Amino acid sequence: MFLHVGNNKNIRTKDVIGIFDMDNTTVSAVTRKFLNGKQKAHLVESVSFDIPKSFILYLEKGEYKICFSPLSPSSLRGRLQNEGYSSHNY
């Protein structure tokens, strides 16, 4: 199964590690440093030109990647729940 994160970008649900709210998580210097490192390593993509509301940490081909999404974390969790996945894992 796949999680649609916006603009025709799909991530396999079994590869999703976490869904994070941009407003709440980016206030931490540790999170900003983590995201900056992933960006420098070219492991970050944005699915929209809109301001992202969330980011998804996922595993692809053995590497941890980040995808910025214009969708809210609650919308993404709702999509996972509609596919039969429990939101407490994300």
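Three salt bridges are found when the whole structure, a predicted model, is searched. They pair glutamate 45 with lysine 9, aspartate 15 with arginine 12, and glutamate 60 with lysine 65. Side chains of opposite charge can pair when their charged atoms come close.

**Glutamate 45 and lysine 9**
- The side chains of glutamate 45 and lysine 9 meet with an N to O distance of 2.9 Å, and this pair links distant parts of the chain, since its two members lie 36 residues apart.
- Glutamate 45 belongs to strand β4, which covers residues 44-46, while lysine 9 belongs to strand β2, which covers residues 9-12.
- Glutamate 45 is partly exposed, with a relative accessible area of 30%, whereas lysine 9, at 16% relative accessibility, counts as buried because the cut-off for that class is under 20%.

**Aspartate 15 and arginine 12**
- In the salt bridge between aspartate 15 and arginine 12, the closest N and O atoms are 3.2 Å apart.

**Glutamate 60 and lysine 65**
- Glutamate 60 and lysine 65 form a salt bridge in which the closest N and O atoms are 2.7 Å apart.
- Glutamate 60 has a relative accessibility of 29% and so counts as partly exposed, whereas lysine 65, at 19%, falls under the 20% cut-off and therefore counts as buried.

How values were computed. Residues are numbered from 1 along each chain as its sequence is written. This is a predicted model: local features need pLDDT of at least 70, side-chain atom pairs count only at pLDDT 80 or more; totals for chains, interfaces and linings use all residues. Side-chain values use heavy atoms; hydrogens and water are left out. A salt bridge is a side-chain nitrogen of Lys or Arg within 4 Å of a carboxyl oxygen of Asp or Glu. Helices (H or I, at least four residues) and strands (E, at least two) are DSSP runs, numbered from the N terminus. Buried means under 20% relative accessible area, exposed over 50%, partly exposed in between (1.4 Å probe, protein chains only).
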